[in-house]
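Hello,

Please have a look at it first, and then read my notes below.

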Amino acid sequence: MKKELIKIETLDNEVLLSIADLLKRIEKKHPDHLEVVKVDESHRTILFMSSSYVAANISRILMEKKEQSRHNEQEDMLKVERHQ
């Protein structure tokens with residue numbers, strides 16, 4: 001299975017930890033589709049390897065999660081990069 005390296009950056013530590021938690025839960029359920037490589041709280045980045053399917057849909061998954069937890073009205077800066 002082909003995997004892609006994905007990098008997520010955010011300015012908000014709470015968002016970072018929420019996304020990291022979500023990715024770790026996905027990793028436990030589907031270790032063949034996703035592997036969290038590194039969570040760097042000081043630089044507010046997450047690196048993970050994922051199948052092409054997850055990589056293609058990660059922005060949608062994260063936006064759904066963000067909408068569900070929209071208790072905070074400020075705009076969170078979220079950047080997702082795919083590397084092949």
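**Salt bridges**

There are five salt bridges, counting a side-chain nitrogen of Lys or Arg within 4 Å of a carboxyl oxygen of Asp or Glu. Before the details, please note that this is a predicted model, in which local features need pLDDT of at least 70 and side-chain atom pairs count only at pLDDT 80 or more, while totals for chains, interfaces and linings use all residues. Residues are numbered from 1 along each chain as its sequence is written, and side-chain values use heavy atoms, with hydrogens and water left out.

One of these salt bridges joins Arg82 to Glu4, with 3.0 Å between the closest N and O atoms. Arg82 sits in strand E4 and Glu4 in strand E1, 78 residues apart, so distant parts of the chain are linked; strands (E, at least two residues) and helices (H or I, at least four) are DSSP runs, numbered from the N terminus. Are the two partners buried or exposed? Glu4 is buried, at 2% relative accessibility, whereas Arg82 is partly exposed, at 42%. Here buried means under 20% relative accessible area, exposed over 50%, and partly exposed in between, with a 1.4 Å probe and protein chains only.

Glu9 and Lys79 form another salt bridge, their closest N and O atoms being 3.9 Å apart. Since Glu9 belongs to strand E1 and Lys79 to strand E4, this pair ties together parts that are 70 residues apart in sequence. Lys79 also forms a salt bridge with Glu81, at 3.2 Å between the closest N and O atoms. Through shared partners, salt bridges join Lys7, Glu9, Lys79 and Glu81 into one network. Within it, Glu9 is partly exposed at 24%, as are Lys79 at 41% and Glu81 at 21%.

**The sheet and its helix**

Four strands make an open sheet in the order E2-E3-E1-E4, with antiparallel pairing; two strands pair if DSSP finds at least two bridges between them. Strands E2 (34–40) and E4 (78–83) are at the edges and have a single partner strand each, so one side of each has no neighbour in the sheet. On average, neighbouring strands are turned by 20° against each other, direction ignored. Such angles come from lines fitted to C-alpha atoms, for helices over the stretch in contact, and run from 0 to 180 degrees between N-to-C directions.

E2 pairs with strand E3 (residues 45–51) in the antiparallel sense over six bridges, and Asp40 has Thr45 in E3 as its bridge partner. Helix H1 (residues 13–29) packs on the sheet and touches strand E1 (3–10), E2, E3 and E4, with its direction at about 155° to that of E2. Contact means heavy atoms within 4.5 Å.

**The core**

Which residues touch the most other members of the largest nonpolar core? Of its 16 residues, they are Ile8, Ile19, Leu23, Ile46 and Phe48. A nonpolar core is a set of buried Ala, Val, Leu, Ile, Met, Phe, Trp, Tyr and Cys residues joined through side-chain atoms within 4.5 Å. At least two residues come from each of E1, H1, E2, E3 and H2, and H1 gives the most, with six.

Asn57 is in helix H2 (residues 52–68) and counts as buried, at 18% relative accessibility. A polar atom of the Asn57 side chain lies 2.8 Å from the backbone oxygen of Tyr53.

Best wishes

Methods:
A polar contact is a pair of N or O atoms within 3.5 Å; within protein, one must be able to donate a hydrogen and the other to accept it, and residues adjacent in sequence count only if both atoms are side-chain atoms.
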